[in-house]
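Here's a quick tour for anyone meeting this structure for the first time. Have a look at it, and then we'll walk through a few spots.

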Amino acid sequence: MTAEADRSWQGAEATRLRERLRRGLKASYIRLRRGARWLWQRLPFRHGFSSLTRRIVILNLIGLAILVSGILYLNQFRAGLIDAKVQSLLTQGEIIAGALAASAGVDTDQIQLDPEKLLESEPGQASGGADDDSLGFTIDPERAAPILRRLVKPTGSRARIYGRDGALILDSDTFYSRGEVLRYDLPPPDAEKPDALTAFWQAVKTRMRQYDLPLYNEIGGDNGKAYPEVASALTGTSVPIVRVNDKGELVVSVAVPVQRLRAVLGVLLLSTRGGDIDNIVAAERWGIVRVSLFAAAVTVVLSMILANTIAGPVQRLASAAERVRHSVKARAEIPDFTDRTDEIGHLSGALRDMTQALYRRIDAIESFAADVAHELKNPLTSLRSATETLPLAKTPDAKERLMEIIQHDVRRLDRLISDISDASRLDAELAREDARPVDTADLLRTTVSLFNDIHRDDTPEVVIDVAYSSGARPYRCIGHDSRLSQVIVNLLDNAISFSPPGGRVSVKAKRVGNEIQIAVEDEGPGIPPENLERIFERFYTDRPQESFGQNSGLGLNISRQIVVAHGGRLWAENRVHEGGAGRGKSVGAAERESGGARFVIRLPAA
C-alpha cells in the first residue's frame, strides 16, 4: 500500500511539473511574441519595401559582395601561408635528416670511403652519385623508423625516405608500432553523386583554387626519382616544390638529402597532407565571410534607415499629391518637410508652393467663371428685354431706341468676349513665347507715335518724356514687346477716357536703380483712395454713367498680369495739384490732393 501511494504521489508530482513547464513555455512564447511585435513596430521598413528601398539595399549589397569576392579571390594570406609552410618543412627536413644521418646510418664494411676525395668535394656537394661504390654507409630502416615516428608524427606531415638508388625505404603512412593496426582510407562502397548544390559549391571552391601549379601524382612504392625534388636532393641540393592534386588541394613537398660526412645516404621527402593548407585558407575565408555577413546585415539596416529617410518622405509626398489630384471637395495638405535642409525639404517646399498656387489658380478660375457669367448675363438680359419689347413698339422712335440698345449690347458682348478670350489665353501665350531683349524707350516712342497718329483729332495729346540715363542700353529689359505694348495701350486708353477735353496725357520713363520705371499720367478727376487696388479687379469699372458699357473692366487686370509675368509691378496713385486748384477751377478740400491719376510700371532692367 505504501509503494502504491508513493507511485501515485510521484505521478501527481510529474503532472504538476509538466503543467508548470507548459505554463512557463506558454508565458515565454507570449513574451517572445510581444517582443517581436514591439521590435517590428519600431522598424522603419515595417510597411514594406518600396522600389527605392530595394534599389538602395541591393546596390549597397552588390558593392559589398564585389569587395568580399575580391578579398576572397585575391587573398594574399594564401601565398604567405605557402611560403611559411615551405620554410617550416625545410627546417623540419634538415633536423630530421641530421638525426637520421647520425643515428640511422649503418656501415656495410664493404666499401671504403676515400678521405682525400671527400675533402676535395665542395660543401653541400655529394661525394658520389647513386651508383658510387666508394660510399660505405646506408640507412637502416629499423633505426630510422622510431626516429621518423617521433619526429614526424607531431607535425602531421608525411615523410618518406628514399635510398641512393631512389628506392623507397620508409613511408610514414605505412610503418606502425608493435600492436598497432594498419588503417587505410578507402572510398565508400556505394558512393553517390553529389546533389546540384554540393556540386555547385565544389565547383566554386575549385574555381577559387585555380593555381598555376604542376599536378601531384602519387607514385606509391615506385622509384622516387620520378619526383624532380628527390632527383635533385640525391645530388645534395634541397628542393621545395608546390603542387596541386586531382582534388584541387595544395601539396607542398620538400626533399632534403640525408648526408653523413658529406656523403648522400638517401633523401628525406616531407610533404603536407592534401587539404592542410586549403583548410587553413578556408578557415580564414570563413572568418572573412562571417565578418562580411555581419557587414551585410549592418549594410542592410543602414540602407533601410537611409532609404526610410528618403523613400518615406517621398512616398508621403507622392500620396499627398495623389490626394490633391483625386480630391474634389476637400483640399489635401502636402506634408511639411521644409525643416530639412536637403533635397527632400526643398521638394516639400516646392510641392507646397505649387499646391497653393494651384489652389489659388482654381479659385481664380472659379471666380473668373462666375464673373464672366455675371458680366455676360447683364447684356444678354438687356438684349432679351429689347428683343421682346421690339414687336410691341408702336412708334418709329421707340423702335429706333430699342435697336440702339440692341446694337449697344451686341457691341458690349463683343468687347466682353474679346477681352475674356484675351485674358484666358494670356498665361499660356506668355509661357509659350520666348522672351527677348526689349528696348522700352524705343517701344514707348513707337507706341505713342502710333497712338497719336490713330487718335489725331478726337483725343487729348499724348506726350513722352524719356529721362537720360548713362549706359549702353539703360532701358533694355527681357520680355515680350507685343504684350508690353499692349500694357501701354491699355493705360493710354484708360487715361484718355478720364482726361477732360483739352487735357494731356504724359508718358514718362526713367531709371530707378536696377529697374525701369514707366509712368502714365492724366489730368482727370483721380481715383478714390479706397479704389486704388480695386480698379485692378476683373470686370470692375468706376466710370461715369454716360460711359456705361463702353469698357469691359478687364484692361487694367490684364495689364497687371502682363507686368507681373515680366517680373515687375503695376500700381495706381493720385497726382498732387501744383499751385492750388490749378487751371483756374475752384475745388473742394477733398479734391485739392488729386491732380489726376498716375499708373506706375516697374520692370527689372536687363
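## The cavity

Let's begin inside: the largest cavity has a volume of about 50 Å³. A cavity here is a set of points, on a 1 Å grid over the protein atoms alone, where a 1.4 Å probe fits but cannot get out, and its volume is the space filled by probe spheres set on the points, which are joined across faces, edges and corners. This is a predicted model, where local features need pLDDT of at least 70 and side-chain atom pairs 80 or more, while totals for chains, interfaces and linings use all residues. Residues are numbered from 1 along each chain as its sequence is written, and side-chain values use heavy atoms, with hydrogens and water left out.

Who lines the largest cavity? Thr440, Leu443, Leu484, Val487, Ile488, Ile518, Ile601 and Leu603 do, where lining means having an atom within 4 Å of a point. Two or more lining residues come from each of α12 (440–454), α13 (481–498) and β14 (597–604). Of these, α13 gives the largest share, with three residues. Helices (H or I, at least four residues) and strands (E, at least two) are DSSP runs, numbered from the N terminus.

## Salt bridges

The whole structure holds 17 salt bridges, each one a side-chain nitrogen of Lys or Arg within 4 Å of a carboxyl oxygen of Asp or Glu. One of them joins Arg243 to Glu229, with the closest N and O atoms 2.7 Å apart. This pair links distant parts of the chain, from strand β5 (residues 239–244) for Arg243 to helix α7 (residues 228–233) for Glu229. Arg243 is buried at 6% relative accessible area, and Glu229 is buried at 1%; buried means under 20%, exposed over 50%, and partly exposed in between (1.4 Å probe, protein chains only).

Over in helix α8, Arg325 and Glu322 sit three residues apart, about one turn of the helix. Their salt bridge has its closest N and O atoms 3.0 Å apart. Arg325 is exposed at 57%, whereas Glu322 is partly exposed at 39%. There's also a network of salt bridges linking Lys508, Glu521, Glu573, Arg575 and Arg598.

## Around Thr355

Thr355 belongs to helix α9 (residues 343–389). Is Thr355 buried or exposed? Thr355 is buried, at 5% relative accessible area. Beyond its neighbours within four places in sequence, Thr355 is in contact (heavy atoms within 4.5 Å) with Val324 and Ile334.

How values were computed: On a 1 Å grid over the protein atoms alone, a cavity is a set of points where a 1.4 Å probe fits but cannot get out, and a pocket is an open set with protein on both sides within 12 Å along at least five of seven lines; lining residues have an atom within 4 Å of a point.
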